[in-house]
Amino acid sequence: MNTKNNKRRRESIKKIEKVFIELIQTKEISEISVSDICKRAELNRTTFYSNYIDIYDLADKMLEKLENEVKEIYSFEREHHYNSNNYLKLFQHIKDNQIFYKTYFKLSGSNQNKVYLYDIKQARTYFNEKHIKYHIEFFKAGFNAIVKIWLDNGCEETPEEMVEIINSEYQGRV
């Protein structure tokens, strides 16, 4: 029986995800077929379809999984309702998981749910509620652009250097 959390099913899902991550590095999602994945993962198409509706469902579930992993980095802060402004944890995680983040950016496309930390309470303090929605969008876009450049360059700078870059861009306000 193919129950939700049995070992065989979990292993099949891991194989599918691994192959998908490999393929998405060199192909667009529209160029990836269920057959490609199943052939490389050495699984039947029925195994794929018992877990996903189609390639786009797989991509959505992968995005959700990736987003949950990013959220986990700051679970303590979220549980205790404070912002540590610890970008070092995030940059270290990005450096240690480059393929993960490249995949995340590729799958999220123009989706606004990307990698960033933003403390709206802190922003309200610094900007007195003036044009706050513009500042939020500016911060998100800028942060994501910096992360993408860093990834494209193979994370040459250290995570500590990346924190310095962020801090210098925001003149110590983060």
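**Burial, helices and aromatic pairs**

Mentor: Of the 174 residues of the chain, 37% count as buried, where buried means under 20% relative accessible area, exposed over 50% and partly exposed in between (1.4 Å probe, protein chains only). The model is predicted: local features need pLDDT of at least 70, side-chain atom pairs count only at pLDDT 80 or more, and totals for chains, interfaces and linings use all residues. Residues are numbered from 1 along each chain as its sequence is written, and side-chain values use heavy atoms, with hydrogens and water left out.

Trainee: What does the secondary structure of the chain come to?

Mentor: There are 10 helices and zero strands; helices (H or I, at least four residues) and strands (E, at least two) are DSSP runs, numbered from the N terminus.

Trainee: How many aromatic pairs are there, and by what rule are they counted?

Mentor: Rings of Phe, Tyr and Trp (its six-membered ring) pair if their centres lie within 6.5 Å; planes under 30 degrees apart count as stacked, over 60 as edge-to-face and the rest as tilted. By this rule the count is eight aromatic pairs.

Trainee: Why is the pair of Phe-48 and Tyr-52 called tilted?

Mentor: The ring centres of Phe-48 and Tyr-52 are 5.3 Å apart and the planes stand at 45 degrees, so the pair is tilted. Both Phe-48 and Tyr-52 are buried.

Trainee: What makes the pair of Tyr-87 and Phe-143 tilted?

Mentor: For Tyr-87 and Phe-143 the centres are 5.6 Å apart and the planes are at 45 degrees, so this pair is tilted. The pair links distant parts of the chain, with Tyr-87 in helix 6 (residues 87–96) and Phe-143 in helix 9 (residues 132–152), 56 residues apart. Tyr-87, Phe-91, Phe-139, Phe-143 and Trp-150 form one aromatic cluster.

Trainee: Why does Tyr-87 count as buried, and why does Phe-143?

Mentor: Tyr-87 counts as buried because its relative accessibility is 4%. Phe-143 counts as buried because its relative accessibility is 1%.

Trainee: How do you know that His-93 is buried?

Mentor: His-93 has a relative accessible area of 17%, and therefore it is buried. His-93 lies in helix 6.

Trainee: Which residues is His-93 in contact with, leaving aside its neighbours within four places in sequence?

Mentor: They are Glu-69, Ile-73, Phe-100 and Tyr-101, contact meaning heavy atoms within 4.5 Å.
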